[in-house]
Amino acid sequence: MARRYFSYRTLDDLRSDARRLGLTLPLLENRDEIRRWLARPVMIAGPARSWKVGNSVAIHPMEGCDGNPDGTPGELTFRRYRRFGESGAKLIWFEACAVVAEGRANPRQLWMHRTSAPLLKSLLEACRQAHEKRFGSLEGFITVLQLTHSGRYAVPKPWVAYHHPLLDRWPVVSSVFARERPAAPEVASDGYLEALEDQFAEAAARARDIGFDGVDLKMTHGYLLSELLSARHRPGAYGGTLEGRARFALRTLEKIQQRAGKDFLLAVRLGVYDGVPHCLKEGQGEGAPREFPRPYTFGFGVREDNPLQMDLSEPLQLVGWLRRAGVSLLNVSMGIPYVNPHISRPYEKPNEGVYETPEHPLLGVARHFEAQSSLQKAYPELAVVGAGYSWLQHFLIHAAAANLKLGRIKLVGLGRAALAYPWLVRDALEKGELNPLQTCKTLSFCTYLMRSKNHPLGQFPTGCPPFDKNPYGRIIKEARHAARKN
Ligand SMILES: Cc1cc2nc3c(=O)[nH]c(=O)nc-3n(C[C@H](O)[C@H](O)[C@H](O)COP(=O)(O)O)c2cc1C
Ligand code: SF4
């Protein structure tokens with residue numbers, strides 16, 4: 001029987017478990033204070049202008065895998081963004097959108113190009129209209145689009161930054177989805193990367209034309225721009241030293257500014273700690289690190305002598321360069337969800353075929369808090385968005401308000417919590433408390449759907465089946481049925 005961790009009835013239960021684990025977990029208790037901190041507006045200071053976010057809550061980028069084969073949003077995509085628009089969060093971070101066809105992680109991922117741009121514009125407008133209708137104004141409502149190339153996880157063909165001794169063989173963790181890859185995947189050439197910089201800049205210019213306030217370079221979760229950050233063994237311009245590994249991002253930011261202007265909001269979602277690939281322990285449900293070479297020179301933000309621990313020295317240096325390149329908004333994430341999902345999304349129960357968490361999820365939450373706070377403290381003028389709050393269920397607002405008060409972040413970002421309980425932010429702002437019966441229980445059905453491919457379009461849409469039953473209850477039944485048939 002798998003172990004369960006979240007069994008807290010009160011904040012004191014949570015506090016004492018944190019103490020038992022040796023963690024300091026600040027939690028604000030007073031409801032009015034919680035409301036005040038979450039409602040506090042945030043200024044994002046760019047090189048040529050600034051933006052005011054109407055409160056301190058963001059919705060994280062979350063792919064719905066519900067677009068059309070041509071990269072345009074589908075019906076469910078519109079539904080999600082209307083709900084996010086009405087959520088009460090003032091910063092909506094639109095999900096990963098590929099900049100080239102071959103950079104998509106699934107055949108239903110959004111993809112920015114000349115003919116999809118008008119529909120992406122309608123999606124943005126639907127989100128903005130939903131917000132305006134509910135709150136009477138668009139003041140302080142900011143939207144950012146995440147731009148990506150899925151690299152090693154692109155379909156049908158992976159594009160890797162370099163040959164990784166573990167990921168080349170085992171690019172995914174689960175027994176269901178993991179098939180050892182027989183052939184070494186192709187390394188994206190320098191020429192390919194140089195052309196790709198222009199494609200990011202073009203996609204950013206389109207995003208600006210259709211009305212987004214800014215774009216995010218997705219440099220996390222093992223995708224191409226994130227993998228480049230650990231490409232120490234890659235020869236040529238885009239590897240080796242940190243300067244080489246950061247070259248793609250810095251040149252792309254410069255090109256985006258040239259195309260979209262200095263008054264366009266530049267954001268980065270940065271994976272500050274890759275961790276190491278994990279697998280199921282033989283004969284057990286629990287996860288364990290795969291055997292790794294030492295020194296471990298194949299991850300970003302990891303200690304070479306012990307990659308199970310963070311070393312933020314390079315991420316801290318990189319953020320300074322990103323800042324100088326015009327980045328004013330930083331969303332801090334970590335982990336490679338395909339091989340160590342417990343790091344980016346601390347969970348209670350894994351999705352089918354994936355390992356039980358190898359650590360107490362509160363340790364994972366604390367790792368997120370430590371990383372976001374180190375970056376915020378080092379760059380107080382930067383607007384840092386923190387992740388990893390959903391496992392805390394209804395106590396997440398207590399931790400978020402405390403982190404805001406202590407200056408450990410400027411904005412709290414909500415991922416799974418917002419899928420399960422879309423009016424969470426309104427409840428938090430109005431009442432200073434959440435309904436425990438509605439909060440995400442981190443049971444990973446959404447991730448199961450995200451990894452379900454036996455659909456006529458090659459991908460099932462994702463959402464929250466337990467709390468958003470219509471339509472996702474039916475969709476998960478179909479996904480399970482399709483999996484059994486296969
Ligand atoms: C269904 C789903 C889709 C996601 N898609 C993205 C994405 O497009 N881009 C991204 O940077 N992170 C993505 N993530 C990660 C979330 O943004 C977030 O970092 C993660 O869920 C941890 O935050 P939480 O604890 O609040 O859920 C996704 C997560 C989920 C559950
Ligand atoms: S399916 Fe719903 S409850 Fe489960 S982890 Fe995802 S958002 Fe949370």
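Q: In this predicted model, what describes the way helix 2 (residues 31-39) and helix 13 (residues 424-431) meet?
A: Happy to start there: their axes come within 7 Å and cross at roughly 125°.

Q: Why is helix 2 called oblique to helix 13?
A: Roughly perpendicular covers 65 to 115 degrees, and roughly antiparallel starts over 145. The crossing angle here is roughly 125°, so helix 2 is oblique to helix 13.

Q: Which residues make the contact between the two helices?
A: From helix 2 come R31, R35, L38 and A39, and from helix 13 come A428, L429, E430 and K431. Heavy atoms within 4.5 Å are what count as contact.

Q: What makes up this contact by class?
A: Four residues are nonpolar and four are charged, with no polar ones. Leu and Ala count as nonpolar, while Arg, Glu and Lys count as charged.

Q: What surrounds ligand 2?
A: The shell holds R416, C440, K441, T442, L443, S444, F445, C446, C464, P465, P466 and F467. By class, eight of them are nonpolar, two polar and two charged. Cys is counted as nonpolar here.

Q: What makes the peptide bond from R294 to P295 worth a look?
A: That bond is cis, with omega near -10°, and P295 sits in the loop between strand 12 (287-289) and helix 8 (313-324). Most peptide bonds are trans.

Q: Where is P471, which a cis peptide bond joins to N470?
A: P471 lies in helix 15 (residues 469-485), and omega for the bond is about 25°.

Q: What makes C65 stand out, and where is C65 found?
A: C65 is not a glycine, yet its phi is positive, at about 50°. Most residues other than glycine have a negative phi. You will find C65 in the loop between strand 3 (57-59) and helix 3 (75-86).

Definitions and conventions:
Residues numbered from 1 in each chain as written. Chains lettered and ligands numbered in written order. Predicted model: local features only at pLDDT ≥ 70, side-chain atom pairs only at ≥ 80, totals over all residues. Heavy atoms only, no water. Axes fitted to C-alpha atoms, helices over the stretch in contact; angles between N-to-C directions. Helix = DSSP H or I, 4+ residues; strand = E, 2+ residues; numbered from the N terminus. Parallel < 35°, antiparallel > 145°, perpendicular 65-115°, else oblique. Near = heavy atom within 4 Å.
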